[in-house]
Amino acid sequence: MELAYVCEWDRRQRTTHCPSIPLVCSWSCRNLVAFTTDLKNHDDDKDVSHMIHIIDTEHPWDVYSINSGHTEVISCLEWDQSGSRLLSADGDGQIKCWSMSDHLVNSWESALCSSLDGDPIVALTWLHNGVKLALHVEMSGSTNFGEKFSRVKFSPSLTLFGGKPMEGWLAVTVSGLVTVSLLKPGGALLTASESLCRLRGRVALADIAFTGGGNIVVAATDGSSSSPVQFYKVVVSVVSEKCRIDTELLPSLFLRCTTDPLRREKYPAVTHLKFLTRENSEQVLLCASNQSGSIVECWSLRKEGLPVNNIFQHRSPVVGEKQPTILKWRILTTTNDLERVSSVALPKLPISISNTDLKVASDTKFCPGLGLALAFHDGSIQILHRLSLHTMGVYYGSSSSSQRPGDESAIKRQRTGGPALHFKALQFSWTSLALAGVDNQGKLHMLRVSPSMGQVLEMNTTLRHLLFLLEYCMVTGYDWWDVLLHVQPTMVHNLVEKLHEEYMRQNQALQQVLATRIVAVKASLCKLSTATAARACDFHAKLLLMAISSTLKSLLRPHVLNTPDKSPGDRLTEICAKNTDTDIDKVMINLKTEEFVLDGPPLQSLQQLIQWVGDFVLYLLANLPNQGSMVRPGFGFMRDGASLGMLREMLVMIRIWGLLKPGCLPTFTATSDNQDSMQLLFRLLTKLWLCSRDDGPPQDPDETLIDECCLLPSQLLVPSMDWLPVNDGVIVKLQGKHPLRLQFGKASSLGGGGATAPLDVFTR
């Protein structure tokens, strides 16, 4: 584990942005991190605004701060599964739902809210949508994504007509109430509250998990280690347009440390209560603490046979009769005495923990998803195995850098001073390869977590681990920024090639679903190395090309309603693939031009997209003779028959639209007045496409084609192309081992990594 970067408030903001107590932090699958601070007014210290800050981990300085409008300190933050909505709850019982405006990370609005006036919220979660994957390490060598990442049978918390999951959230309050808010299809909110049990009591800590049958399990404690930790089953239903909540008491447990005579009074308070995973209500993690230390226990719910009295054991057994069973909490493992725990982070990666998967993970040293993180008051972090609680990795923070095992004097020196810098909130990324922590001064720390926990691996094994996690991100649609933290420039070429090989082994339907995702992954990988910088340009261009192609084709409508199975876009692709004529007008004759008459937006509004397609084709053809020993932008398209075919289809569409509205055609600066630019470009593009078609062996462009492309700049003015988005994120600057020091609100002025140097040559 090592520090990647620290982002802090500048001196002026440091006096106003104070860490809230409790400080909460949440990490979404889009790699957005949300955390809270309290904004104090200089004139009146009692005038406090409770702020929510949202950052993109690639641009942490570009913080978006929301004045939440909460009247009390925010106690919970929770992202939904898509990473586009955020729940916030406070100490006054108010819950707000924040959503993105127009899919913009820096624009959020709160349209929905629910409230239990004066009843602080202690636990909050979105209802489960029934989607659960299991990641099988044992199958990491398989060629089928379906075997590596299997869909687990799991019921949503609540379903609409037809089995569609109903959206909403569930919260637990300090007085022992459970409240549910359901989002109806029309946008209205359906809310209900119910007591967890008949005898309501104080709930200091709670957590929420889900069962495969669609039930919800709530764990709750009053904060005293001598009191039992209670568990409740919650069932949500809709009856006669009203929300109904049914609760049932489940087996409870007492902490092991309170039954140990030596530790009975040592740890009086329960400070952390967490289910090990959101979808596993049968394993729970408990932490009991005193002023200077903590102890952590891991418990598991087991089904055990109920012993039968001797009187009944001698009677003849009935056929098919089974021994009665009972559910009981059993302790799995416990730690020794630890430094006082300040925060706990649990892994989000849904790794399968079957015996074979755990054995393969141990043999190959694959650790993501197997460790949970504990932050301590001395500033250090330990990663413990989620089942055995043995130490897998340790990070010594800046305040504990002088502390190493056995350095008692350093520990004594620190305890006599002021409060040490330590993490108040800690969150794992969605592949467990990074940790985000917010300390007691409001700084955001980003830590790399090695896939092998620092164990030395062969290069092939490291590549296989990273490839496995990149494939997982591709299949789920989660952001893969945290995987890139561990990719070295020398790995990029191999990763891109292996990723493409695995993708090509999938069935055609899955390839179509993942088509844009794999291009995006390749583009982000290629930006990390100078050797593949030109390919990054091509992948970004291909993403834009695919977006424009799908947008233009989606505008086409069949002329008559009772059409055959194929859409106009599919027919266009089929005709262009079969017709190898180099004359654009002869290809156009085979199409039904009435299907190209648009009902929607006027053609003139598409002119910018059409112009980009024309300029791109001209740029590619003009640069064909320049593709020599040095790989330049555009090289990836020269042998990409699918992309060249896509460009060819769009030129045909544009030619037809030009007959309907000449003003929408791309504008070219020609040296001759009678030059038919579209005809010329289509003829040369078709010749290049014929050399790289998928149904035949690839051929080198012939001399005649190269000669004609050499003459292009003398016939048409070749435009300059903007190839790449501004490469100003932190990922290329983290290639070294030294952590970056950044400031919120101030763009990084650090020199970029080596990967940005050659891109300056290619951009214009």
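**Entry 1: the chain as a whole**

I begin with a term I need at once: a residue is called buried when its relative accessible area is under 20%, and exposed when that value is over 50%. With this in hand I looked at the entire protein chain, keeping in mind that the model is a predicted one, and I noted that buried residues make up 51% of the 764 residues. I then looked up the secondary structure, and the protein chain turns out to have 19 helices and 33 strands. I also asked what share of the contacts between residues at least 6 apart in sequence join residues at least 24 apart. The value I wrote down for the protein chain is 63%.

For helix 9, which covers residues 492–504, and helix 10, which covers residues 508–526, the angle is about 175 degrees and the axes are 10 Å apart. Angles over 145 degrees count as roughly antiparallel, and helix 9 and helix 10 are therefore described as roughly antiparallel to each other. On the side of helix 9, I found that the contact is made by Val492, Leu495, Val496, Leu499, His500, Tyr503 and Met504. Helix 10 brings Gln511, Leu514, Ala515, Ile518, Val521, Lys522, Leu525 and Cys526 to the contact. Sorted by class, the residues where helix 9 meets helix 10 are 12 nonpolar, two polar and one charged.

I then looked at glutamine 506, which sits in the loop between helix 9 and helix 10.

**Entry 2: helix 17 and helix 18**

I repeated the exercise for helix 17 (residues 677–691) and helix 18 (residues 703–715), where I noted an angle of about 150 degrees and axes 11 Å apart. Helix 17 and helix 18 are therefore roughly antiparallel to each other as well, and I recorded their crossing as left-handed. Which residues of helix 17 and helix 18 meet? From helix 17 I listed Leu680, Leu681, Arg683, Leu684, Lys687 and Leu688, and from helix 18 I listed Leu705, Glu708, Leu712 and Gln715. In the contact of helix 17 with helix 18, six residues are nonpolar, one is polar and three are charged.

Asparagine 280 belongs to strand 22, which spans residues 280–289. I looked up its relative accessibility, which is 17%, and so asparagine 280 counts as buried. The side chain of asparagine 280 reaches the backbone nitrogen of glutamate 282 at 3.0 Å. Setting aside neighbours within four places in sequence, I found asparagine 280 in contact with Ala209, Phe210 and Phe275.

**Entry 3: exposed residues in loops**

Lysine 164 is found in the loop between strand 13 (149–151) and strand 14 (167–173), and since its relative accessibility is 55%, lysine 164 counts as exposed. Not counting residues up to four places away in sequence, lysine 164 touches Leu158 and Thr159. Lysine 164 and asparagine 129 are 35 residues apart in sequence, and from C-alpha to C-alpha I noted 8.5 Å.

My last stop was the loop between strand 9 (94–101) and strand 10 (104–115), where I found aspartate 102 and histidine 103. What is phi for aspartate 102? The angle is near 55 degrees, a positive value in a residue other than glycine. For histidine 103 phi is near 60 degrees, again positive in a residue other than glycine. Aspartate 102 counts as exposed at 68% relative accessibility, and histidine 103 is exposed with a relative accessible area of 70%.

Key. Residues are numbered from 1 along each chain as its sequence is written. This is a predicted model: local features need pLDDT of at least 70, side-chain atom pairs count only at pLDDT 80 or more; totals for chains, interfaces and linings use all residues. Side-chain values use heavy atoms; hydrogens and water are left out. Axes are lines fitted to C-alpha atoms, for helices over the stretch in contact, and angles run from 0 to 180 degrees between N-to-C directions. Helices (H or I, at least four residues) and strands (E, at least two) are DSSP runs, numbered from the N terminus. Angles under 35 degrees count as roughly parallel, over 145 as roughly antiparallel, 65 to 115 as roughly perpendicular and the rest as oblique. Contact means heavy atoms within 4.5 Å. Ala, Val, Leu, Ile, Met, Phe, Trp, Tyr, Cys and Pro count as nonpolar, Asp, Glu, Lys and Arg as charged, and the others, Gly among them, as polar. Buried means under 20% relative accessible area, exposed over 50%, partly exposed in between (1.4 Å probe, protein chains only). A polar contact is a pair of N or O atoms within 3.5 Å; within protein, one must be able to donate a hydrogen and the other to accept it, and residues adjacent in sequence count only if both atoms are side-chain atoms. A crossing is left-handed if the near helix is turned anticlockwise from the far one by less than a right angle, and right-handed if clockwise.
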